[in-house]
Amino acid sequence: MDVRGLGKTVALPDGALTILEDVAFTVERGDAVAIVGASGSGKSTLLSLLAGLDTPTSGSVHLDGQSLSTLDEDGRARVRGEKVGFVFQSFQLLPTLTALENVMLPLELRGDADAQAPARRILEKVGLGARLGHYPRQLSGGEQQRVALARAFVTHPALLFADEPTGNLDTHTGQAIIDLLFALNADAGTTLVLVTHDEHLAARCRHQIRLDSGRLVE
Ligand SMILES: Nc1ncnc2c1ncn2[C@@H]1O[C@H](COP(=O)(O)OP(=O)(O)O)[C@@H](O)[C@H]1O
Ligand SMILES: [Mg+2]
């Protein structure tokens, strides 16, 4: 991943607000990077730009050799589908689908003939082999985040973006989720970009990118 001169400014009623300014860094394939900084420093905005969920005002993002700025909305959606997995603080599972169906979904969306076998396999790997038919509301927070991890990794993404993945979990459960995240990451050789305000968690990543009011701190 290659990020150059990245900036994001939004127009507000009382003027322009600069959320990110001149952010630049590179991440080698398979590396783990933490984006840290105080609340409101621009971490989530940066992650959205890196993942092609949002478009920058200036600068560029290359993912796996592909420049996001040359792509339209559909093109970026295709790159996300092919290369990117997401894990969010709020799990973002579909409430009307079982654990198994939630994990099958990204495979079905890309047209895989057999979604069920790989979805079962990865749910077993994250310790939820006995919970396949459970709906999100029947699962604890930690279990829901395990399902979300399974869903993120089932497509073997080149990049995984995680935004405060332990933010809604107690310390002990959060630790277990992070251990699992790093294990899946190491297994799959995924490039991991992790947003967190937890310094202990950040220290487990090989590199740290620190934001202060939308700018990189060296
Ligand atoms: N679309 C938007 N419009 C206006 N302000 C925004 C928008 N998105 C983010 N912000 C502001 O930009 C700053 C950075 O937000 P965010 O990236 O969510 O920070 P973090 O994830 O580090 O807490 C915050 O002050 C936030 O209120
Ligand atoms: Mg945030």
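User: What covers the buried residues of α4?

Analyst: First, some conventions. This is a predicted model, in which local features need pLDDT of at least 70 and side-chain atom pairs count only at pLDDT 80 or more, while totals for chains, interfaces and linings use all residues. Residues are numbered from 1 along each chain as its sequence is written, chains are lettered from A and ligands numbered from 1 in the order in which they are written, and side-chain values use heavy atoms, with hydrogens and water left out. Now α4: its cover includes α3 (99–109) and α5 (141–153). Helices (H or I, at least four residues) and strands (E, at least two) are DSSP runs, numbered from the N terminus.

User: Which residues of α4 are buried?

Analyst: Buried means under 20% relative accessible area, exposed over 50%, and partly exposed in between (1.4 Å probe, protein chains only). In α4, residues 116–125, the buried ones are Ala119, Ile122 and Leu123. Seen down the helix axis, the buried residues of α4 fall within an arc of 105°, so they line one face. That arc is taken from the directions from the helix axis to the C-beta atoms.

User: Why do residues three or four places apart point the same way in an α-helix?

Analyst: An α-helix has 3.6 residues a turn, so residues at that spacing point the same way.

User: Which residues have the most contacts inside the largest nonpolar core?

Analyst: A nonpolar core is a set of buried Ala, Val, Leu, Ile, Met, Phe, Trp, Tyr and Cys residues joined through side-chain atoms within 4.5 Å. The largest here has 40 residues, and Val103, Leu123, Val147, Leu149 and Leu181 have the most contacts inside it. Elements that each supply at least two residues of this core include α3, α4, α5 and α6 (171–188). Apart from it lies another core, of 27 residues, among them Phe25 and Leu47.

User: What is Leu149 in contact with, leaving aside its neighbours within four places in sequence?

Analyst: Contact means heavy atoms within 4.5 Å. By that rule, Leu149 touches Val87, Ile177, Leu180, Leu181 and Leu184.

User: Is Asp31, in a loop, buried or exposed?

Analyst: Asp31 lies in the loop between β2 (15–26) and β3, and it counts as buried because its relative accessibility is 6%. Leaving aside neighbours within four places in sequence, the contacts of Asp31 are Thr190, Thr191, Leu192, Arg206 and His207.

User: How many helices and strands are in the chain?

Analyst: The chain has 7 helices and 10 strands. Buried residues make up 48% of its 218 residues.
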